[in-house]
Amino acid sequence: MLDQKKVFDCLAQHGVSYFAGVPDSYLNGFCNYALAHCGDRNVITANEGNAVALAAGHYLATKEIPLVYMQNSGEGNTVNPIASLADKDVYAVPMLLLIGWRGQGNTEPNHPQHKLQGEITTGLLDLLHIPYSVLDDDDSKFADAVEKAVKYCREERGIYAFIAPKGVMADPDKPNNVDDVYPMSREEAIEVILDHMPENTIYSATTGRATRELFFLREKRGEGKEHDFLNVGSMGHASSVALGIALSRPDRPVVALDGDSAAIMHMGAMTMVSKVSAPNFLHVILNNGAHESVGGQPSAGHLLDWTKMAEACGYATMQHPVTTKEELIEAIEKLKKVDRAAFIDCRIHKGLARKLPPIIFDHREAIDALIDELNG
């Protein structure tokens, strides 16, 4: 991994000291250094498009070149503000992008959700007319790349991207940081839900730890996985997949096992229940206030009143978050009986309940089993 102090010192020497973005495991060294040393000049944003727009506002107000960081899966979220706000033919907002290159070559053989994204990472930048450098784990080469990139940004009023392959910006040892803010772990909360929902319930688990823990809970409990949609990619969309299933199969209970960071990423999806009837849909946010899957950086999850927001969107709620197993059981039993979509803000602590290996499974086989279950 590059020496992160040298990385930030080099950026500062060229006037780059404002950062915004969404944390990524391939960038966890960079993200954690920014979190520890940059204060309010580092903003963890709702999504990557939000980061581009925030960075644009910073440039307009200061003329300082900002840096936006993201996993390559977030490039899609940036396309609209890059093409129609920051582009040289619109407002010509210069900025640096730092992109973690998941799925490069054969670096993620067991994670097909990264394969296509890895293949098109540089192609998307070409389509957006953004020049880029692929970084090496070499401090002197990084300094040269920064000098070249900042020169381009200043002279052309354009965007320049750095692409970080595996190991260049990431510490290989990602700690399991457990706090004691709330008594339940995510895995414990998921198991309570499995125990108290009907056996024919369909589950849509969000990207990251929720998918992994649901997967291994099924194995621990000796259960099949044909009722589960594992949203291994497309962060922020698990609840929409769940709602789509619930609307199409009103005879089946459907639970979205969402995360706070994922829900924040596409929060507008929550408004959909105000326009449709889905009394069989239960939306649970497993809220630990962190981007846990990529390093535990803080989210706004514990700062928000999710219950009031959900009520405003049309959900039935318990009027308060739940924080214990007993409260979660009470909420499930009550909300199973309501006449509209229901919502639970389930407050949990950070960290894994137990050490789990990566999920390795046949994605087509798994989704076909769910399709057969729903259409059989």
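The following legends describe close-up views of a predicted model.

Local features are given only at pLDDT of at least 70 and side-chain atom pairs only at pLDDT 80 or more, while totals for chains, interfaces and linings use all residues of this predicted model. Residues are numbered from 1 along each chain as its sequence is written, and side-chain values use heavy atoms, with hydrogens and water left out.

**View 1. The open sheet of 6 strands, in the order S2-S1-S3-S4-S6-S5.** Pairing in this sheet is parallel; two strands are said to pair if DSSP finds at least two bridges between them. Strands (E, at least two residues) and helices (H or I, at least four residues) are DSSP runs, numbered from the N terminus. The edges are formed by strand S2 (42-44) and S5, each of which pairs on one side only. On average, neighbouring strands of this sheet are turned by 20° against each other, direction ignored. Strand S1 (residues 19-21) is joined to S2 by 3 bridges in the parallel sense, and Phe 19 stands opposite Asn 42 in S2.

**View 2. Strand S6 (residues 159-164) and its two partners, S4 and S5.** Of the 6 residues of S6, 6 are buried, buried meaning under 20% relative accessible area, exposed over 50% and partly exposed in between (1.4 Å probe, protein chains only). In a regular strand the side chains alternate between the two faces of the sheet. Ile 159, Ala 161 and Ile 163 lie on one side of S6, Tyr 160, Phe 162 and Ala 164 on the other, and both faces are covered. Strand S4 (residues 95-100) runs parallel to S6 and is joined to it by 6 bridges; the partner of Gly 100 is Ala 164. Strand S5 (residues 132-134) also pairs with S6 in the parallel sense, over 3 bridges, and here Val 134 has Ile 163 as its bridge partner. From S5 the chain passes through helix H6 (residues 139-156) to S6 in a right-handed β-α-β crossover. The crossover is called right-handed if, with the strands pointing away from the viewer, the path from the first strand over the helix to the second runs clockwise.

View 3. His 129 is found in the loop between helix H5 (115-127) and S5. His 129 counts as exposed because its relative accessibility is 64%. At a relative accessible area of 37%, Arg 157 is partly exposed.

**View 4. The open sheet of 5 strands, in the order S8-S7-S9-S10-S13.** The strands of this sheet pair in parallel. Strand S8 (228-230) and strand S13 (342-347) stand at the edges with a single partner strand each, so one side of each has no neighbour in the sheet. Neighbouring strands are turned by 15° against each other on average, direction ignored. Between strand S7 (residues 202-205) and strand S9 (residues 254-259) there are 4 bridges in the parallel sense, and Ile 202 has Val 254 in S9 as its bridge partner.

**View 5. The packing of helix H7 (residues 186-196) against helix H12 (residues 325-335).** The two helices pack at an angle of about 35°, with their axes 10 Å apart; axes are lines fitted to C-alpha atoms, for helices over the stretch in contact, and angles run from 0 to 180 degrees between N-to-C directions. H7 passes H12 in a right-handed crossing, in which the near helix is turned clockwise from the far one by less than a right angle. Glu 188, Ala 189, Val 192, Ile 193 and His 196 of H7 meet Lys 325, Leu 328, Ile 329, Ile 332 and Glu 333 of H12. H12 also lies across strand S10 (281-287) and S13, running at about 175° to S13.

View 6. Glu 213 counts as buried because its relative accessibility is 1%. Leaving aside neighbours within four places in sequence, Glu 213 is in contact (heavy atoms within 4.5 Å) with Arg 186, Glu 187, Ile 190, Leu 352 and Leu 356. Glu 213 and Glu 108 are 105 residues apart in sequence and 20 Å apart in space, C-alpha to C-alpha.
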